[in-house]
Structures are given as C-alpha cells and as structure tokens.
Amino acid sequence: MLIRFAVSCKARSYEEVMQIAIGRTVRVLSEICIIVNNTGVLIVYLITMCDVMSSSVRHIGVLDQWLGHGYWDHRKLLVLVVMVVFLAPLCVLDRIDSLSMTSAASVALAVVFVVVCFAVAFIKLIEGKIEAPRMNPDFGSKMAILDLLVVIPIMTNAYVCHFNVQTIYNELEGRSPQKMNQVGRITTALCVVVYA
C-alpha cells in the first residue's frame, strides 16, 4: 500500500509519503519516531551482543570461553569495538543495497543458529535430558501470562520495517509495486520460518 501510494504521488521517501498523506507536522513526528526506534534497536543489539560475548555473574561469555578472562572481556570495551569496527562502517554506506552481503550473512547465521539449536535440542530430547517442548502457551499462572507479554515487543520490533520499504523500493532493479510485493512476501516468509 505504501509503495502504490508513493508511486501515485511520486514520493521518493517514507517521510515524503507521510507529508503528502497527512502533512508536514506528521512528517517531522515520523522522523523523530524513526530516530528513537533506531536508537532503541541499536541499544538492544549492543546489549544482546555484549551479553553473548562478555561474561557476567550469571553466565560465561564467548570471549571468556575462547580466550579466557582478560581485558577483552569488559563490556564497555566490547561496545566500543563493536561500534567502531563493525557498526560505524555500515552506517556510512550511501546505498542500502551495499548492505546486501551483510544482510545475507546475518540471515545465514540466523539459519545456522536455528539448525544448531534444533540439533542440540533434538539430541537432548532423545537422551532424555530435557522435556518435550510445549507447543502452546501455558496460561495456568500470572507469571506465564507476563512471560507471554515479554514476547510481544520482540516480535513487533522484528517486523517494524515499513519506513525502509521506500528506500529498498528505490534501489530495486526493474522496480514495480508487483516486484516489491514479491520481495515483501519472500522476506516475510523467511522471517516467519526462522522465528518459528
């Protein structure tokens, strides 16, 4: 719907679509919301990476397992290295299609992660070391309902990408609303499979 409207009014960005459809005030408000959303997502990703890579009182991090405890295992240093070495170079790219290789790598790593987790769980299940997974939520306690509510922001955040649709469409070869619908269907199906 966004692409069809953008094509009909010749808008080149999500912000232009918002301005044409609703007005300048909403355009500025949408830009502020995008900045806040992206900042929040960046913080969440940094926290997640640091939790996995560095040790805490409750778990041993990947770097601690590989290299032992040392200066490289401190969270603040890890955040700095990830920001400067990995994220800053990705942020200065002019075109979104420049991220195609990193996006492909991240999807491949997500699939590998799912396969490894599935294999480990399957082996543990056969050995009898874990119970069979529940396929439906347990609504027997208030805590279970709160646990379910924790999932909602994660899932909604995973599918908040509508403000990127116009940028992707602009860089699509032989672009048309039909081709963009096909891209959207493929990526959504891939995300649903990986998340499931």
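## Glycine 184 and helix α9

A helix is here a DSSP run of H or I of at least four residues, and helices are numbered from the N terminus. Glycine 184 belongs to such an element, helix α9, which covers residues 177-195. The structure discussed throughout is a predicted model.

With a relative accessible area of 28%, glycine 184 is partly exposed, because that class lies between buried, under 20%, and exposed, over 50%. Along the chain, glycine 184 is 19 residues from valine 165, and the C-alpha atoms of the two are separated by 8.8 Å.

## The α1 and α2 pair

Two packed helices are described by the angle between their axes and the distance between the axes. Helix α1 comprises residues 2-9 and helix α2 residues 14-21; their axes come within 10 Å and cross at roughly 75°. The two helices are therefore roughly perpendicular, since this class takes in angles of 65 to 115 degrees. From α1, the contact involves Leu2, Phe5, Ala6 and Cys9, while α2 contributes Tyr14, Val17, Ile20 and Ala21.

Lysine 10 is located in the loop between α1 and α2. Most residues other than glycine have a negative phi. Lysine 10, although not a glycine, has a positive phi of about 60°. The relative accessible area of lysine 10 is 70%, so this residue is exposed.

## Helix α3

The buried residues in α3 include Arg27, Ser30 and Ile34, together with Val41, Leu46 and Cys50. Valine 36 also lies in helix α3, but it is exposed, because its relative accessible area is 55% and the exposed class begins over 50%. Valine 36 and asparagine 136 are 100 residues apart in sequence, and their C-alpha atoms are 34 Å apart in space.

One aromatic pair is found in a search of the whole structure. Phenylalanine 118 and phenylalanine 122 form this pair, with ring centres 6.2 Å apart and an angle of 15° between the planes. The pair is stacked, because planes under 30 degrees apart fall into that class. Both residues belong to helix α6, which runs through residues 100-127; being four residues apart, they are separated by about one helical turn. An α-helix has 3.6 residues a turn, so residues three or four places apart point the same way.

Phenylalanine 118 is exposed, at a relative accessible area of 60%, whereas phenylalanine 122 is partly exposed, at 44%. Valine 111 is a further residue of helix α6, and its relative accessibility of 36% places it among the partly exposed residues. Histidine 74 is 37 residues from valine 111 along the chain, and 29 Å separate their C-alpha atoms.

## Domain assignment

The domain assignment divides part of the protein chain into domain 1, residues 54-92, and domain 2, residues 96-135. Between the C-alpha centres of domain 1 and domain 2 the distance is 22 Å.

## Asparagine 170 in helix α8

Helix α8 spans residues 165-171, and asparagine 170 is located in it. Is this asparagine 170 buried or exposed? Asparagine 170 counts as buried, because its relative accessibility is 17% and the limit for burial is under 20%.

Which residues are in contact with asparagine 170, leaving aside its neighbours within four places in sequence? The contacts of asparagine 170 beyond those neighbours are Arg12 and Arg175.

Definitions and conventions:
Residues numbered from 1 in each chain as written. Predicted model: local features only at pLDDT ≥ 70, side-chain atom pairs only at ≥ 80, totals over all residues. Heavy atoms only, no water. Buried < 20%, exposed > 50% of the residue type's maximum accessible area, 1.4 Å probe, protein only. Phe/Tyr/Trp six-rings, centres within 6.5 Å; stacked < 30°, edge-to-face > 60°. Domains from an automatic or database assignment. Axes fitted to C-alpha atoms, helices over the stretch in contact; angles between N-to-C directions. Parallel < 35°, antiparallel > 145°, perpendicular 65-115°, else oblique. Contact = heavy atoms within 4.5 Å.
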